[in-house]
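I kept this notebook while looking around a structure that was new to me. Join me as I go from one spot to the next.

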Amino acid sequence: MDTWKISGGESLFGSVRIPSAKNSVLPLMAASLLCSGTVTLTDVPNLSDVMASRRILQSLGCKVRWKGRTLSITPGQQIGSTVPEEYMRAMRSSVFYLAPLLVRTGKALIYTPGGCRLGARPIDLHLKGLADMGAEIRQSGNALEVTAPTGLHGAQISLRFPSVGATETLLMAAVCARGETILRGVAIEPEVIDLIRFLQSAGACITGAGSRTLHIMGRDFLSGTQFRPCPDRITAATVLCAVAGCGGEALLTNTCNDDLLPIVRVLRRAGCSIAACGPHSLAISSCGRVGGVENLFTDVHPAFPTDAAPLVGAAMLRAQGETAITDTIFENRFSCAEGFSALGASVSVSGRTLYVHGVPALRAARICAPDLRGGAALVIAALQAEGESYLTGIDHIARGYEDLTSLLGKLGARIVSTHWMDE
Ligand code: UD1
């Protein structure tokens, strides 16, 4: 079983460069299908979800080339309409292929991603919006067939919740639909803004970026383009929380500081010192045993992001005070609490709230990553525990972190891959 041995108990010092955002790269790869020429994405991280997307694009008939950190995608003249079930299972984000396939081929056959460890992940908002634009939807078991033989038309769509994924699906559908679409109540997460900028660079006509209402005038096809995705704010949050919890000093480069403000504010409240060094780098210092952050709630951007909730929870395990973090977005965000407890933390979960009563010290343990961000949170926790912890379930972490061991290793964290045999 692939395992990381994490030797904890040391403060972290050094400098790291933050890579591009997974949650930007994945929809951009799907949106490449809308372009008639080659799309070149630069500074793309090597993540297992990016590899899964690459396999989906190849299975649909696209030419995909990796050179260094540059990914070139050339959609073929003839592309398929079906994303094979094995690929849909590998990556929830394959729902992003729904709209581009519908636009390109008049039909999309996908297998619904279903629930995940975070809780139910419905796609009703994606489907309702596509239906408003003229798509017909048939579902049989987990197979979903969406057709629009005469193409999609513009529509006025109001989202009951500003879903990131639904906003991205409907944007991709609207940029090539007939006529004007008005999308109201959209998500304004930085990765949504990145998709808008990408589509605009390929010739899409979109106004209102950054507001809750988007006006989109459809075009027949988009052109090829070159684009560099935005920095990963959740990877930056991971580094900030690791330093906050372990103590130390770090410089983060290639950050978008405005996007990090909700996280920075919380860590400052806990007693960390964080200063911008220009618009694209941040310096943090922490004494290790920070203060707790009572009553933190996640919400949609620009509030505190759900993905960072377990990370901040991990940073507060040795805090001198109480912390309560409630995730308003997903039902089951804190599966990592079991691992926190194994490491000697005093935590409990009630409903959607994680309660942390800071303890003076954590102890090494054998723990298992329950999901992507929960896994990263356990790494942060284990780095604070004296001794050698063993973490399994690291496949979850590889979905969203290029190489977390060497990223944190740049700050002196000692994490090595090993092979742990069950006794
Ligand atoms: C994206 C991110 C994920 C992040 C989340 C919230 C990607 C690949 N993933 O996920 O890391 O945690 O945004 O910032 O970008 N919902 C519905 N119906 C829908 C769609 C969503 O009820 O059709 C609900 C979901 O169940 C959830 C909430 O809306 O409770 C948020 O989901 P959404 O914003 O769509 O998140 P994702 O796009 O799935």
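**Entry 1**

I began with N23, where a polar side-chain atom sits 3.0 Å from an oxygen atom of the ligand. I count a polar contact as a pair of N or O atoms within 3.5 Å; within protein, one must be able to donate a hydrogen and the other to accept it, and residues adjacent in sequence count only if both atoms are side-chain atoms. Before going further I noted that this is a predicted model, where local features need pLDDT of at least 70 and side-chain atom pairs count only at pLDDT 80 or more, while totals for chains, interfaces and linings use all residues. I also noted that residues are numbered from 1 along each chain as its sequence is written, and that side-chain values use heavy atoms, with hydrogens and water left out.

In D307 I found a side-chain N or O atom 2.6 Å from a ligand oxygen. I then checked how covered the ligand is: alone it exposes 750 Å², and the protein buries 87% of that. These areas come from the Shrake-Rupley method with a 1.4 Å probe; for residues, only the protein chains shown count as cover.

**Entry 1: the shell around the ligand**

Which residues come nearest to the ligand? I found D124, L125, S163, D307 and I329, out of 20 residues around the ligand. To be listed as near, a residue needs a heavy atom within 4 Å.

I sorted the shell by class and got eight nonpolar, six polar and six charged residues. Here Ala, Val, Leu, Ile, Met, Phe, Trp, Tyr, Cys and Pro count as nonpolar, Asp, Glu, Lys and Arg as charged, and the others, Gly among them, as polar.

Which element gives the most to this shell? I found that α5 does, with three residues. The elements that give two or more residues are α5 (124-132) and α6 (164-174). Helices (H or I, at least four residues) and strands (E, at least two) are DSSP runs, numbered from the N terminus.

I looked at the domains too: domain 1 (2-19 + 231-422) and domain 2 (22-227) each supply at least three residues to the shell. Those bounds come from an automatic or database domain assignment.

**Entry 2: cysteines**

How many disulfides does the structure hold? I found zero, with a disulfide being a pair of cysteine sulfur atoms within 2.5 Å. C230 is in no disulfide either, and the nearest cysteine sulfur, that of C256, is 7.4 Å away.

Are these two cysteines buried or exposed? C176 is buried at 13% relative accessibility, and C230 is buried at 10%. For these words, buried is under 20% relative accessible area, exposed is over 50%, and partly exposed is in between (1.4 Å probe, protein chains only).

I went through the backbone next. H301 and P302 are joined by a cis peptide bond, with omega about 15 degrees. P302 belongs to the loop between β17 (296-297) and α10 (309-315).

N254 is not a glycine, yet I read a positive phi of about 55 degrees there. I placed N254 in the loop between β14 (248-253) and α9 (257-269), and it is buried at 15% relative accessibility. N295, not a glycine either, has a positive phi of about 50 degrees. N295 lies in the loop between β16 (281-286) and β17 and counts as exposed at 54%.

I stopped at L260, in helix α9, which is buried at 1% relative accessibility. L260 and L282 are 22 residues apart in sequence, and their C-alpha atoms are 9.7 Å apart.

S285 is in strand β16 and is partly exposed at 25%. S285 and G248 are 37 residues apart in sequence, with 5.6 Å between their C-alpha atoms.

My last stop was D327, in the loop between β18 (322-326) and α11 (337-342). D327 is buried at 0% relative accessibility. Its side chain makes a polar contact of 2.4 Å with the side chain of T298 and another of 2.8 Å with that of T306.
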